[in-house]
Amino acid sequence: MCRFVIGFALAMLACGALADESAVRRMIQERLGSDERIESVQKMPWGGLYEVVVRGAEGPQIFYADEAASIFIAGSVFDSRSGRNLTEERERKLTAIAWDKLPWQWAITTKRGTGQRKIAIFSDPNCPYCKRMEEELAKMDDLTTHIFPYPVIKPDSVRQAKAVWCSKDRAKAWNDLMFRRIEPRASTDCANPIEDVVKFGRSIGARSTPTWFLENGERHEGALPLEKMGALLDAASAPARGRAN
């Protein structure tokens, strides 16, 4: 995956006494940029750490501070027994989005079979992980795929995404580019939403490609094996939720 670099990684202060949530909030707020704000601070049930959720122009990010408000940590926390990435699970909840709030008018949509399983992918045409994921999804039946062209890797991606959007058959142009590296022949000067897609993606925290959403609003990053994606799609589909209820 290709991740955007956060503004800072580690800050240390000299402070001996234990702090409370307000002290942690003050310590971190002093080091935030003008476009970043603290959304929440809460004591974690493990590690003697506080979780700090910071929201900026590119969505929420999670940091941790010690009980003395003397150390500020950027990185993932793992459960050593289960191997679960606790930070990633928390980010997934923070960045979940209501399915009907996605800007469908900017998506390239294809449907196979009943289309009852649904996925929305923010994808860069030069992202190898995006290609791998979309190739796996192409093997799946009864799937509706919404591709949001999200050209964030290099400038050439922007040109390609715009040319795909300006193509007569956008789905074919996208698949030809992603799977066969056939450049779209359309011009790039038609009215297109590519810059709007990038702005929207960053606003919801899509810091890597592919970033994808399930019908239940759950957010994921990176390519997964077909079996894992299938299980997630089945669990998130409206018919599956109906049966569970």
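1. Buried means under 20% relative accessible area, exposed over 50%, and partly exposed in between, with a 1.4 Å probe and protein chains only. On that scale Arg 181 is partly exposed, with a relative accessible area of 39%; Arg 181 sits in the loop between α5 and α6 and has a positive phi near 55° although it is a residue other than glycine.

2. The model is predicted, so that local features need pLDDT of at least 70 and side-chain atom pairs count only at pLDDT 80 or more, whereas totals for chains, interfaces and linings use all residues. Residues are numbered from 1 along each chain as its sequence is written, and side-chain values use heavy atoms, with hydrogens and water left out.

3. The protein has eight helices and ten strands, where helices (H or I, at least four residues) and strands (E, at least two) are DSSP runs numbered from the N terminus. Of its 245 residues, 47% count as buried.

4. Asp 142, in the loop between α3 and β8, also deserves a check of its backbone: its phi is positive, about 55°, although it is not a glycine. Asp 142 is partly exposed, with a relative accessible area of 26%.

5. The loop between α6 (194-203) and β9 (211-214) holds Arg 207, which is buried with a relative accessible area of 4%. A polar atom of the Arg 207 side chain lies 2.8 Å from the backbone oxygen of Pro 60, and the side chain of Arg 207 makes a polar contact with that of Glu 91 at 3.3 Å. A polar contact is a pair of N or O atoms within 3.5 Å; within protein, one must be able to donate a hydrogen and the other to accept it, and residues adjacent in sequence count only if both atoms are side-chain atoms. Pro 210 is also placed in the loop between α6 and β9, and a cis peptide bond with omega of about -5° joins Thr 209 to Pro 210.

6. The axes of α4 (residues 155-165) and α5 come within 8 Å and cross at roughly 145°, the axes being lines fitted to C-alpha atoms over the stretch in contact, with angles running from 0 to 180 degrees between N-to-C directions. The contact (heavy atoms within 4.5 Å) is made by Gln 160, Val 164 and Trp 165 of α4 and by Arg 170, Ala 173, Trp 174 and Leu 177 of α5.
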